[in-house]
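Trainee: I would like to go through the terms used for this model and see what each value is set against.
Mentor: Then ask about them one at a time.

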Amino acid sequence: MPSLDCSVVNCKYNEDHGCVRDSISVGGAGANTSAQTCCDSFEERKGESFTNSFREPSLKVDIRCEAKKCVHNDNCNCQADKIDVSGANACKCDQTVCGTFCEK
């Protein structure tokens, strides 16, 4: 499982650039670039969201990936050692990207 560095601070699952979820889903079935991918698991942190306050970020995260043209995709599972998800001011999942995407 890859390690995950996430700069999407508006996501309710983000804690210190980590993810408190055990798994995420990356969208972008027809993606040719990282800009055409997104974190489908993103949920906007609203108000006084305490979702993360009792959980530690996972060091390794199971990543389901729809980006079939990515070199790291093996049967819809990410095989990269580490992935970067970004979208610092995101309010919707399509404002996030998988920065590790690399076209085959």
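Mentor: On a 1 Å grid over the protein atoms alone, a cavity is a set of points where a 1.4 Å probe fits but cannot get out, and lining residues have an atom within 4 Å of a point. Grid points are joined across faces, edges and corners, and a volume is the space filled by probe spheres set on the points. This is a predicted model, in which local features need pLDDT of at least 70 and side-chain atom pairs count only at pLDDT 80 or more, while totals for chains, interfaces and linings use all residues. Residues are numbered from 1 along each chain as its sequence is written, and side-chain values use heavy atoms, with hydrogens and water left out.

Trainee: How many cavities of 30 Å³ or more does the structure hold?
Mentor: There are two of 30 Å³ or more. The largest has a volume of about 100 Å³, and of the 15 residues lining it, Cys6, Cys11, Cys19, Ile24 and Cys39 are the closest to its centre.

Trainee: What residues line the second largest cavity?
Mentor: Among them are Val26, Ile63, Cys65, His72 and Phe101. This lining divides into nine nonpolar, two polar and no charged residues. Ala, Val, Leu, Ile, Met, Phe, Trp, Tyr, Cys and Pro count as nonpolar, Asp, Glu, Lys and Arg as charged, and the others, Gly among them, as polar.

Trainee: Why is Cys6 called buried?
Mentor: Buried means under 20% relative accessible area (exposed is over 50%, partly exposed in between; 1.4 Å probe, protein chains only). Cys6 has 9% relative accessibility, so Cys6 counts as buried. Leaving aside neighbours within four places in sequence, Cys6 is in contact (heavy atoms within 4.5 Å) with Asn14, His17, Gly18 and Val85.

Trainee: Why does Thr100 count as buried?
Mentor: Its relative accessibility is 16%, so Thr100 counts as buried. Beyond four places in sequence, Thr100 is in contact with His72, Ala80, Lys82, Ile83 and Asp84.

Trainee: What does the side chain of Thr100 reach at 2.8 Å?
Mentor: The side chain of Thr100 reaches the backbone nitrogen of Asp84 at that distance. A polar contact is a pair of N or O atoms within 3.5 Å; within protein, one must be able to donate a hydrogen and the other to accept it, and residues adjacent in sequence count only if both atoms are side-chain atoms.

Note on methods: 1 Å grid on protein atoms, 1.4 Å probe; cavity = no way out; pocket = protein on both sides within 12 Å on 5 of 7 lines; lining within 4 Å.
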